[in-house]
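Open the model in your viewer and keep the selection panel at hand. The stops below say what to select and what is there.

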Number of protein chains: 2
Amino acid sequence: MRANVRFLREEKMEELSNTESQPGGEAMDGELLSRAERRDQQIQRILEAAKTCFVRSGFQGASMQQICAEVGMSPGALYRYFPSKEAIVEAICEADRQDDMTCFGALRDATSAIDGLVAGAMAHITHTSMKGSAPLFAEMRSESMRNEAIRATVDGHKGEVAAMIEPLIAEAIAQGEINPPVELPILMAVLMSIGEGMAINDLPARGVPLDKLEIALRAMLEGMLRPTKSTPAAE
Amino acid sequence: MRANVRFLREEKMEELSNTESQPGGEAMDGELLSRAERRDQQIQRILEAAKTCFVRSGFQGASMQQICAEVGMSPGALYRYFPSKEAIVEAICEADRQDDMTCFGALRDATSAIDGLVAGAMAHITHTSMKGSAPLFAEMRSESMRNEAIRATVDGHKGEVAAMIEPLIAEAIAQGEINPPVELPILMAVLMSIGEGMAINDLPARGVPLDKLEIALRAMLEGMLRPTKSTPAAE
């Protein structure tokens, strides 16, 4: 009962902080944040706290209470934003989606399929390393093997990345630019596995320089895609 | 207290089963198992039960009690074999070591570095898929990111695999058989990442035929290693 009283008090404070001016509720220019902006800010804080807890304790080990403690929010307030840990993971993936669109958007503008894949992979590896997301990727992947909701989210996310890459490879094959030795679905399965292994290993953090990594990636992709025309960057 | 009494009774039965003839204590030919054989058999049962629990509940979520329930053994008996979950993981890795030695032993007998790597990787992928070890690999990898004992075990295991592969690639470079575009330590880091991504994804279980996977792997390795001599299998 004491715990409930304490939580109710914190929730009340939380509500006050949504409407009243206080340091956390003001934008840098001193203007009051709108209710929607304040809500977005709270959601971002929850997602960051949840990532920290998932990496520290594992998805199974991290409780909603631990996430509350990490973000400094009452369970009542947290559950208003997210009904479950699965819902938090879905929101984390949704936030990552925009980043991935940017990383793999490079594919569309590239002058060759290999240049596009190298640029997209390098952007993704660099971004993952800078954000320190590798442990979270590994945790979500292992949780996806026993949790259907997480599996649906993780597979959906990977499916979207594959759906950005596959048509561009198909087009390059159709135009005779590349000539892979295996069918497209098999090529995609292998490429996605390789991408996952690279993301989980965070090679830049292990001291692999980005320029060397790019050379190795390009050599690997040239072997798998067998380009039939030379491009300036491939020479 | 009741639980303790129950456990003590089970432990007593356990002890009896170590020395007396009963169905579980007899070998197929009807001879009594020696104490050492019985001990090995118990250890195998514990390791299999622990794998099941780790995959089902995660390393954090699986308790020693759950492992006891899965194997049908008292905590007193289990702790006589393993003092912790970390010790169980170490024993699982030790058992895997022999399998890996066999898989990558193919490297030494191969006529070329690429043939050896393809054969070793295919043996490892096939073996991992048949044993259904991918979820356990993923779980151990993610646990290794927050648990120093597990990290030491997992890194030690990967280090041994790398130590089998690296000298053979170094020798092939020295003999002018291959000419990778990056230095050996970078090549090894990339190859090990790729191997991990493939192991975690269990491509055969996803419907990728082994013969197609071998073709894709060979093309990828030829791109990264740049063979300078053609070998019969590489044509």
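Over all chains, this predicted model holds 22 salt bridges. Start with Glu160(A) and Arg97(A), whose closest N and O atoms are 3.1 Å apart in a salt bridge. The two are 63 residues apart, with Glu160(A) in helix α8 (residues 148-174) and Arg97(A) in helix α5 (residues 85-109) of chain A. Both ends are partly exposed: the relative accessible area is 25% for Glu160(A) and 23% for Arg97(A).

Lys158(A) is partly exposed at 21% relative accessibility, while Glu196(A) is buried at 11%.

Now show both chains and select Arg146(A) with Glu139(B), a salt bridge with its closest N and O atoms 2.9 Å apart. The pair crosses between chains, from the loop between α7 (134-144) and α8 of chain A to helix α7 of chain B. Which end is buried? Glu139(B) is, with a relative accessible area of 2%; Arg146(A) counts as partly exposed at 21%. Glu139(A) and Arg146(B) also meet in a salt bridge, at 2.9 Å, N to O. Across the interface there are 4 salt bridges and 13 residue pairs in polar contact.

Colour the side of chain B that touches chain A. Its largest share, 10 residues, comes from α9(B). By type, the residues on this side are 23 nonpolar, 9 polar and 9 charged. In total, 41 residues of chain B contact 41 residues of chain A. The area buried between the chains is about 3200 Å², with 69% from carbon and sulfur atoms. Select Met145(B), Arg146(B) and Ser193(B): they supply 16% of the area that chain B buries against chain A, more than any other three residues.

Finish with the largest nonpolar core, which has 72 residues. Ile169(A) and Ile194(A) are among those with the most contacts inside it. Beyond its sequence neighbours, Ile169(A) contacts residues including Leu117(A), Ile178(A) and Leu187(A). Then select Leu225(A) in helix α10 (residues 210-225) of chain A. Leu225(A) is buried, at 0% relative accessible area, and touches Ile114(A), Leu117(A) and Pro180(A), among others. Its C-alpha atom is separated by 9.0 Å from that of Val182(A), 43 residues apart along the chain.

Definitions and conventions: Residues numbered from 1 in each chain as written. Chains lettered and ligands numbered in written order. Predicted model: local features only at pLDDT ≥ 70, side-chain atom pairs only at ≥ 80, totals over all residues. Heavy atoms only, no water. Core = buried A, V, L, I, M, F, W, Y, C linked by side-chain atoms within 4.5 Å. Buried < 20%, exposed > 50% of the residue type's maximum accessible area, 1.4 Å probe, protein only. Contact = heavy atoms within 4.5 Å. Helix = DSSP H or I, 4+ residues; strand = E, 2+ residues; numbered from the N terminus. Buried area = accessible area lost by both parts, 1.4 Å probe. Salt bridge = Lys/Arg side-chain N within 4 Å of Asp/Glu carboxyl O. Polar contact = N/O pair within 3.5 Å; in protein donor to acceptor, adjacent residues only side chain to side chain. Nonpolar A, V, L, I, M, F, W, Y, C, P; charged D, E, K, R; others polar. Lists of a residue's contacts leave out its neighbours within four places in sequence.
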